[in-house]
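Visitor: Hi! Could you walk me through this one?
Guide: Happy to, here it is.

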Amino acid sequence: MNPFSQIPELTDAERAVADTLPIGADPEEAARVLATVPLWFHTFALNAAHGLYTPGVARDHRYRVPFLPASFAGQRVLDVGTFDGFYAFLAERRGAARVVAVDNEQYVAWVKARWGIELQGGEGFRAIAELLGSRVQYVRGDALAVMDSAERFDVILCFGILHRVENPLGLLRGVAGLLAPGGRMLVETLGVAGDGRIELYEPGEVNRGDDYIYWGFGTGGLTALARHAGFARVTIDATPTIDGHPRILATLERPGD
């Protein structure tokens with residue numbers, strides 16, 4: 001049996017992140033929701049008092065929590081690569097006036113290749129949105145799909161996505177145009193050791209069984225990429241090492257008009 005096809009066991013690390021967005025669903029309803037989604041990416045605290053959490057395959061994201069604003073009060077937020085929508089729903093809970101969550105659902109192929117599980121796309125998002133009575137708008141498509149509208153955002157979240165897109169410069173340039181004057185983009189991505197530039201990986205080189213990681217970014221490489229994309233200021237907020245892999249958390253700011 002392929003060891004990389006096994007769903008990892010839920011740990012206290014995942015519960016700690018999930019508990020920042022307590023849902024408190026009725027236990028019977030929570031159990032029903034658990035059974036309706038074939039695979040969860042994010043861990044949600046459906047009913048922490050009864051120990052009901054979704055078994056998310058995303059591992060320990062505690063390092064992201066201090067990076068998130070304590071309040072999104074009155075802000076317009078775009079979550080790029082939302083998957084099950086945890087960060088979109090958290091922004092809504094923290095006061096965002098409007099949240100749009102976008103995903104091209106490329107993860108359907110990733111999930112099938114890695115776990116042999118068939119997803120239709122968006123199942124987890126819809127299930128949690130229903131439990132929360134959420135007003136977050138879900139858009140199926142690339143982030144650039146929302147460029148057809150005149151809407152602009154105060155904050156754009158892009159977590160765990162940049163190293164998985166074939167054209168990271170194109171993504172950054174496109175979403176830079178979606179920011180309101182003075183807006184900012186919060187990026188978390190795979191890093192490389194030190195302050196190097198950008199590395200290109202072979203399929204499965206970073207994580208065995210995962211053929212969809214293309215890039216690793218040094219702080220210098222990410223900064224240069226962001227400047228090419230039109231961002232006025234780049235702040236490297238943290239460079240933790242998680243599960244043996246460097247990560248970068250950065251704030252990219254658009255100039256005010």
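Guide: One term to start: contact means heavy atoms within 4.5 Å. Helices (H or I, at least four residues) and strands (E, at least two) are DSSP runs, numbered from the N terminus. This is a predicted model, where local features need pLDDT of at least 70, side-chain atom pairs count only at pLDDT 80 or more, and totals for chains, interfaces and linings use all residues. Residues are numbered from 1 along each chain as its sequence is written, and side-chain values use heavy atoms, leaving out hydrogens and water.

Visitor: What do the buried residues of α6 pack against?
Guide: They pack against β3 (76-80), β6, β7 (179-190), β9 (215-217), α7 (219-228) and β12 (245-253). Buried means under 20% relative accessible area, exposed over 50%, partly exposed in between (1.4 Å probe, protein chains only). In α6 (residues 168-176), the buried ones are P168, L171, L172, G174, V175 and A176.

Visitor: And why is α3 largely enclosed?
Guide: Because six of its eight residues are buried: F86, Y87, A88, F89, L90 and A91. Their cover includes α1 (12-18), β3, β4, α5 and β6.

Visitor: New topic: which residues touch the most other members of the largest nonpolar core?
Guide: F44, V77 and F89, out of 35 residues in that core. A nonpolar core is a set of buried Ala, Val, Leu, Ile, Met, Phe, Trp, Tyr and Cys residues joined through side-chain atoms within 4.5 Å.

Visitor: Which element gives the largest share?
Guide: α3 does, with six residues. A second, separate core of 33 residues includes A143, V165, A176 and L225.
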